[in-house]
Amino acid sequence: MLTLDSKIEQVKRIGPRYLKKLHHLKINTVRDLFFHFPYRYDDFSAIIPISQLKEGQTATVQGEIIEIKNTRLFRRHLVLTEALAKDQGGTIKSVWFNQPYLAETLKKGKVVNLSGKLVFRKKALCFSNPAYEVINKAETTHTGRLVPVYHETVGLTSRYLRYIIKPILYLGGQIKEFLPSQIKKEFQLMDFGQAISQAHFPNDLAQAGQARARLSFNELFLMQLTTLKQKKEFAQEKSIAIPFDQELIKPFVAGLPFKLTKGQKIAAWEVFQDLAKPQPMNRLIDGDVGSGKTIVALMAALAVVKNDYQVALMAPTEILAKQHFETGKKFLNGYGIKIALLTGSTAKTFLKREVKTTKSKIKKEVREGKINLIIGTHALIQKDLFFKNLALAIVDEQHRFGVFQRAALQRRIHQIPDGLPASPAGGATTPHLLSLSATPIPRTLALTIYGDLDISIIKELPRGRKKIITQIVASSQRKKAYDFVRQQIKQKKQAFVICPLIEESEKLAAKNGAIDLKSVTQEYEKLKQDIFPDLKISMLHGKMKPPEKEKIMAEFKKRKADILVSTSVVEVGVDIPNATVMLIEGADRFGLAQLHQFRGRIGRDKDQAYCFLLIESAVGKTNQRLKALLTAKNGFELAEKDLAIRGPGDFIGLRQWGQPDLIMASLKDIELIKKSRLAAKFVLDNGLINPAITKYLNSLQKIIHLE
Ligand code: ADP
Ligand code: MG
């Protein structure tokens with residue numbers, strides 16, 4: 001007997017050829033099949049008498065086939081199928097191309113439905129390529145109703161999906177409701193099982209809408225429940241309270257070579273408040289590139305170290321870790337703090353044997369508590385590194401790490417070599433966690449994805465930063481931009497060229513580095529050979545190994561190259577104050593927030609910086625969208641715009657969640673987010689988490705951790 005958990009192999013209508021295609025879409029069970037939702041519907045519900053058909057109309061007629069024939073059009077390599085159908089009041093012709101088998105399916109004398117658009121052809125009204133269905137029972141699948149349309153990938157047509165889903169849709173009744181009835185009632189939500197069947201074959205558009213709302217609600221609800229639950233559990237853990245020491249911090253701030261911005265002050269104040277509590281801090285500082293998050297983190301580190309506890313700062317790349325190491329040494333100089341750097345290639349310049357001893361020496365000193373502040377990459381979460389008394393873990397560019405890695409850093413304190421203990425036993429403490437992110441993210445979105453974090457936002461950049469002059473340039477005007485670059489380089493400045501991904505569909509390949517590599521290599525060759533043969537150009541892309549990237553960035557920093565051609569996949573999270581120009585190719589293919597991120601890599605110095613956004617044509621909609629970059633005050637403003645225009649797909653941290661299509665769409669729906677948050681809170685506070693919910697949460701947890 002077929003159940004939701006049955007493998008699709010057991011579904012009668014699915015043959016081996018399609019099995020492979022379905023597996024390719026990760027559809028393995030009947031349940032998976034049900035969760036493959038249509039993205040729209042064709043409304044073929046109105047059956048209209050043939051005599052009343054009009055040109056341009058989308059309609060369904062029911063009639064008897066009175067004639068059907070195939071004609072081979074040799075010169076065009078086409079087979080044309082023409083059929084004539086009649087009802088009580090008239091006849092209508094239909095034509096199809098290259099589907100000769102239709103002459104077999106729609107035999108003379110059969111009663112059929114034909115659905116589609118009516119066009120004029122050879123002076124007569126006819127259906128062009130209509131959907132068709134032989135009528136032999138009361139219910140129809142492809143015509144005469146709202147018909148689901150699925151994304152057609154890997155050769156799976158909507159017609160095929162309808163054909164296999166419809167007959168087993170009754171199994172939707174087995175889907176268990178997991179929402180408490182109060183919630184369902186309060187928010188007027190459709191029953192889960194019903195939502196599944198209505199999402200595929202809705203009775204009407206209203207039902208389709210309700211089904212979709214229910215399914216989106218599910219995603220948001222579970223997502224928020226996860227984060228709220230984590231937050232609650234976290235709050236029950238213990239950490240070292242670090243009292244705020246004015247005597248220490250005030251002079252430190254006064255000694256800085258600049259005045260803190262308001263945003264920095266507030267963020268620092270919030271961090272100190274958290275640190276003073278005996279529960280672990282879990283705070284994210286979100287601020288544009290260059291907003292000065294590092295110094296806030298260093299203030300926290302200083303306070304903790306001065307209380308004789310250890311601090312770890314983890315960065316996603318070696319070069320960034322090294323930069324933090326230098327910054328840390330500079331600002332914390334004179335405080336008697338021992339700082340060390342630990343990365344995959346620590347002390348690469350030494351002989352192999354010495355590298356090993358250097359690394360193990362650092363590890364030993366960390367374990368013994370001789371090192372107060374350890375800065376590094378993933379090396380910090382390796383199993384053989386133990387702390388004596390870690391009280392604060394800082395994660396820079398946190399979105400570059402998985403949830404698991406972030407947690408791992410924080411859990412090192414427990415000194416359990418493998419795996420994460422669920423919760424510290426007895427007197428053990430959890431370090432405070434401070435995450436930094438330069439991805440401005442709209443507040444509603446942040447609350448949903450990072451619901452377990454408290455957030456400090458730094459909106460402004462330090463005073464005196466010159467606004468980056470940004471221009472939208474049509475491809476045809478490219479030469480002007482090149483001339484400008486040349487001019488800047490003559491003045492001993494440097495330039496970035498950012499290359500785009502090529503096609504949406506190629507994003508996936510780009511993730512593996514393939515397309516990425518192609519576009520960047522082409523651009524590099526072009527610039528080197530045709531445009532700037534006299535200049536020094538280097539290249540950076542996602543396929544390079546970390547030490548190689550490191551070397552190229554370091555050399556660029558030392559002005560060994562004039563232009564760095566880079567892919568968008570490689571984040572250039574490093575200070576190159578001497579770079580004053582950036583050229584972004586295919587700018588229209590990026591989100592506003594992302595462009596803003598790229599742009600933030602320049603203008604780090606007193607000199608005026610310039611950013612050119614190259615697009616195919618400087619007129620039209622894209623241009624309108626990009627213009628926001630010329631006026632926006634900060635990244636948050638752009639992020640809000642992105643969310644409104646493009647949806648949340650561009651924001652990080654979402655890919656790991658359940659039904660990507662649904663979640664993407666629902667994250668645009670602020671009302672639904674609010675409702676689902678209320679519901680999640682209610683369920684959590686009233687102990688209404690039932691086994692069904694737990695099951696869902698666990699499966700989500702797994703997904704997150706596999707990220
Ligand atoms: P991000 O937030 O991108 O990590 P950083 O912390 O790297 O930014 O700071 C960027 C630069 O701005 C650094 O050189 C830092 O020393 C400097 N900076 C930080 N705060 C201020 C400030 N209030 N005024 C002037 N410069 C500042
Ligand atoms: Mg930074």
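Author: Let's begin with residue classes: Ala, Val, Leu, Ile, Met, Phe, Trp, Tyr, Cys and Pro count as nonpolar, Asp, Glu, Lys and Arg as charged, and the others, Gly among them, as polar. With those classes, the shell around ligand 1 holds four nonpolar, six polar and five charged residues. Before we go on, this is a predicted model, in which local features need pLDDT of at least 70, side-chain atom pairs count only at pLDDT 80 or more, and totals for chains, interfaces and linings use all residues. Residues are numbered from 1 along each chain as its sequence is written, chains are lettered from A and ligands numbered from 1 in the order in which they are written, and side-chain values use heavy atoms, with hydrogens and water left out.

Reader: Which residues are closest to ligand 1?

Author: A residue is near a molecule if one of its heavy atoms lies within 4 Å of it. Here 15 residues surround ligand 1, and the closest are Lys259, Gly290, Lys293, Thr294 and Arg465.

Reader: Where do polar backbone atoms come in for ligand 1?

Author: Look for polar contacts, meaning pairs of N or O atoms within 3.5 Å (within protein, one must be able to donate a hydrogen and the other to accept it, and residues adjacent in sequence count only if both atoms are side-chain atoms). A backbone N or O atom of Lys259 sits 2.7 Å from a nitrogen atom of ligand 1. For Gly292, a polar backbone atom is 3.0 Å from an oxygen atom of the ligand, and for Ser291 such a distance to a ligand oxygen is 3.4 Å. As for cover, the protein hides 79% of the 570 Å² of accessible area that ligand 1 has on its own; accessible areas come from the Shrake-Rupley method with a 1.4 Å probe, and for residues only the protein chains shown count as cover.

Reader: How many helices and strands does the chain have?

Author: Helices (H or I, at least four residues) and strands (E, at least two) are DSSP runs, numbered from the N terminus. This chain has 24 helices and 21 strands.

Reader: Is helix 4 mostly covered or mostly uncovered?

Author: The word to know is buried, which is under 20% relative accessible area; exposed is over 50%, and partly exposed is in between (1.4 Å probe, protein chains only). In helix 4 (residues 158–165), six of the eight residues are buried, among them Tyr160, Leu161 and Ile164. The buried residues of helix 4 pack against helix 1 (16–24), helix 2 (30–34), strand 8 (146–149) and helix 6 (192–200). Across the chain, buried residues make up 52% of the 707 residues.

Reader: What is Ser437 in contact with?

Author: Contact means heavy atoms within 4.5 Å. Ser437 belongs to strand 14 (residues 432–437) and is buried, at 2% relative accessible area. Setting aside neighbours within four places in sequence, its contacts are Leu284, Ile285, Asp286, Gly287, Lys293, Gln398 and His399. For the chain, residues 24 or more positions apart account for 72% of the contacts with a separation of 6 or more.

Reader: Which strands pair with strand 2?

Author: Two strands pair if DSSP finds at least two bridges between them. Strand 2 (residues 58–73) and strand 5 (residues 111–121) run antiparallel, with seven bridges, and there Glu64 stands opposite Val111. Strand 2 is also joined to strand 3 (residues 78–86) by nine bridges, again antiparallel; Ile65 has Ala85 as its bridge partner in strand 3.

Reader: Are Asn98 and Asn129 buried or partly exposed?

Author: Asn98 is partly exposed, with a relative accessible area of 42%, and Asn129 is partly exposed at 43%.
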